[in-house]
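Work through the two exercises below with the sequence and the model at hand. Each task is followed by a stepwise solution.

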Amino acid sequence: MKQTDNQTEALLRVRGLKKYFQLSAGFTIKKKGIVRAVDGISFDVMPGETLGLVGESGCGKTSTGRCILRLIEPTAGSVVFRGVDIMTLKGKALKDYRRHMQIVFQDPYSSLNPRMKVRSIIGEPFLVHKVCRGKELLREVYSLLEMVGLDRSSIGRYPHEFSGGQRQRIGIARALALRPRFLVADEPVSALDVSVQAQIINLLTTLQAKLGLTLLFISHDLNIVRLISDRIAVMYMGKIVELAPSDAIYSEPKHPYTRLLLESVPRVGEKIKPGSPDEQAVLRAFSDRPEGCAFAARCPAVMDACRAEEPDLQSLREGWQVACHLFNRKKRT
């Protein structure tokens, strides 16, 4: 992990990012409501750091990563990368920007074309962006295979001939082909065995140091996020509810939801606590969110202010932001 200087200018600035999905049903495509998957979030990512993005499944983590890369188009907001708002880019300008920001997908099985050999999978970015071809392309592919710990003989094989961990290494090699500055790692180890997870995390950490990468690491596994992240942003129902240095999040979490997440991590010898959130209630909250804090219905410290007004993400102290009325004295009742 890299410690960043507070005076360093952010590599990536996300402001007011929103992504709403229209709900529909039936053959008439009748509109039923809107899912606010990402609902006005803002954060910075500093050069060379790893920002962890955590939360329950469905909280908007993956949608956030894909909106930043414009794999899906945001509903609103700005994403400024190296001083340029990429939401304003089109055509060749957008294509050129994609060289500098790439993604490692969650599923190493479906993210690779089963009809393409490794040479074509890793070499495709060079051809799309007209960087090189022929013998030079072959040298680049060999270099990338070596970089991610795969043998040269892998070049003529198909994805189904590899294990899950090896496939993810191929996906990482493809993502790094054009030497991007910023990498979105979207739950890159969740589909892998525990022993292989450690290998991939170590690989990402090594490559980050070697290539000067900046990472947005998306995961629901708090133990893994702690290993790799400098700072952590906690998401709940499309909102960032807490953002702080990694060690601080784990030693003294402030937001009730952050504490709930940490308490939910299984520990050896502890009994599993009964009860889980009502899934239908969670879905209703996404599509028809009431006034106030979205976490109010599950919060053990709920107050009247929580049901009346949604808390803003405020600075608790330098480098630590929390969206909770518990830390806003004016709203306490």
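**Exercise 1: a helix pair**

The crossing of helix 3 and helix 4 is right-handed, that is, the near helix is turned clockwise from the far one by less than a right angle. The model is predicted: local features need pLDDT of at least 70, side-chain atom pairs count only at pLDDT 80 or more, and totals for chains, interfaces and linings use all residues. Residues are numbered from 1 along each chain as its sequence is written, and side-chain values use heavy atoms, without hydrogens and water.

Task: describe the geometry and the contact of helix 3 and helix 4.

Step 1. Contact (heavy atoms within 4.5 Å) involves, among others, Val118, Ile122 and Phe126 of helix 3 and Leu137, Val141 and Leu144 of helix 4.

Step 2. Val118, Ile122 and Phe126 are also among the buried residues of helix 3, buried being under 20% relative accessible area with a 1.4 Å probe, protein chains only. The buried residues of helix 3 pack against helix 4 and helix 5 (164-175).

**Exercise 2: a cysteine**

Step 1. A disulfide needs two cysteine sulfur atoms within 2.5 Å.

Step 2. The closest cysteine sulfur to that of cysteine 306 is in cysteine 293, 6.0 Å away, so it is too far for a bond.

Step 3. By this rule the count is 0 disulfides.

How values were computed: Axes fitted to C-alpha atoms, helices over the stretch in contact; angles between N-to-C directions. Helix = DSSP H or I, 4+ residues; strand = E, 2+ residues; numbered from the N terminus. Buried < 20%, exposed > 50% of the residue type's maximum accessible area, 1.4 Å probe, protein only.
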